[in-house]
Amino acid sequence: MSDRIIPLVDARRMPLPDVGPLAPGSRVADALGRPLRDLRISVTDRCNFRCTYCMPKDVFGPDYAFLPRREVLTFEEITRLARIFKDHGIEKIRLTGGEPLLRRDLERLIEMLAGLGELDLTLTTNGSALARKARALRDAGLNRLTVSLDSLDDAVFRAMNDVDFPVAAVLEGIDAAAAAGLAPLKINMVVQRGVNDHTIVAMARRFKGTGHIVRFIEFMDVGSSNGWRMDDVVPAAEVVRRIGAELPLEPVDPNYYGEVAERWRYRDGGGEIGVIASVTRAFCRSCTRARLSTDGALYTCLFATGGYDLRALLRGGASDAEIHAAIGRIWRVRGDRYSELRTAHTAQLRKIEMSYIGG
Ligand code: SAM
Ligand code: SF4
Ligand code: SF4
């Protein structure tokens, strides 16, 4: 019996909703009228970092039971599902994890997904292997890239990733990605009060004028292991105020419906930044994202406590049409809006860990 903190099998076993037949090829909106546009695919639940806000060592230590290989979706299974999701109107696929660059031969998956045609294909990485892999990712057909980097202060960054990984190696990865043609990059910084918030302005300053877009993310209560407290959240409005006091900013309109980052640009033309106010200004109303876990469960919210077992359909001989209909039925009944309803109580619920569900 595994000692995983999340009962994955139970979590996967949400029964498929019964909402009547779905015409073949039809696209759906959920119960709140939101279309299905983005798919995040977790390609591994493993990571070489132990970021204290995501995979804290006391939970994700040597005894933590990661998924055995037979449970993990193959590239062929992922690609088949992605094709069916595309028929549902998916326009963007983001590969994530865990650390996606740890998945062996990831370039082959990217090639297979790029072969599906018109899709914005992107990936979120901690950047540790990027200096080596950027060129191959680009050659395989990756369009864009997001790199997570929580501080330029080496001591702060090493403490946050908790494996003593240096900032310089991530910066090398960022340069390699830009040189490979994956620019402009997005750079994600999760801001935690008293941990790295004193390094916000330095981060903005470092990438101002490079074309890369730094996005400051509010620390969220994902999963059940990171000890989240509202007091640790630095509201996005405060981030904008603190940066704007030194590097004057003005707001920019969103690029598209459902964009999660609020955009701000430097008044002197030095480019832009984004803030992701997932806690203080929830954006559930336009949330078009579905998440596919490493072992093939479909989650309709980052804060879900259960998912739908698509792998059982894949491996049980279901046809494309049947899987398409199942996804449609799941999406039609989706009423998730966790961030709009968040309270100190909901923060205590046993939610699925982000490294498994896909950030
Ligand atoms: N390992 C890759 C990385 O770190 O970029 C991809 C997976 S990671 C789970 C995806 C993103 O989620 C990262 O940018 C990470 O900083 C963010 N993240 C993880 N835990 C978070 C939390 N509790 N609150 C806000 N963002 C979080
Ligand atoms: Fe790993 Fe990314 Fe989570 Fe950090 S945020 S522990 S790099 S999965
Ligand atoms: Fe979407 Fe759930 Fe996040 Fe709301 S809380 S924006 S529904 S993933």
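## Second largest pocket

The lining of the second largest pocket divides into seven nonpolar, three polar and eight charged residues. The model is predicted. In total, 18 residues line this pocket. Nearest its centre lie Val43, Arg69, Val72, Arg103 and Arg104. The pocket's volume is about 490 Å³.

## Largest cavity

Rolling a probe the size of a water molecule over the atoms shows where empty space is left. How many cavities of 30 Å³ or more does the structure hold? The structure holds one.

Which of the elements gives the most? E1 does, with three residues. By class, the cavity lining has four charged residues, one nonpolar residue and no polar ones.

## Shell around ligand 2

Ligand 2 has a shell of named residues. Cys47, Cys51 and Cys54 are among them. Phe49 and Met55 also surround the ligand. Gly98 and Asn126 belong to the surroundings too.

How does the shell around ligand 2 divide by class, and what is its count of charged residues? Five residues are nonpolar and two are polar. The shell has no charged residues. The lining of the second largest pocket, for its part, has eight charged residues, and the lining of the largest cavity has four.

Terms used. Residues are numbered from 1 along each chain as its sequence is written. Chains are lettered from A and ligands numbered from 1 in the order in which they are written. This is a predicted model: local features need pLDDT of at least 70, side-chain atom pairs count only at pLDDT 80 or more; totals for chains, interfaces and linings use all residues. Side-chain values use heavy atoms; hydrogens and water are left out. A residue is near a molecule or strand if one of its heavy atoms lies within 4 Å of it. Ala, Val, Leu, Ile, Met, Phe, Trp, Tyr, Cys and Pro count as nonpolar, Asp, Glu, Lys and Arg as charged, and the others, Gly among them, as polar. On a 1 Å grid over the protein atoms alone, a cavity is a set of points where a 1.4 Å probe fits but cannot get out, and a pocket is an open set with protein on both sides within 12 Å along at least five of seven lines; lining residues have an atom within 4 Å of a point. Grid points are joined across faces, edges and corners, and a volume is the space filled by probe spheres set on the points. Helices (H or I, at least four residues) and strands (E, at least two) are DSSP runs, numbered from the N terminus.
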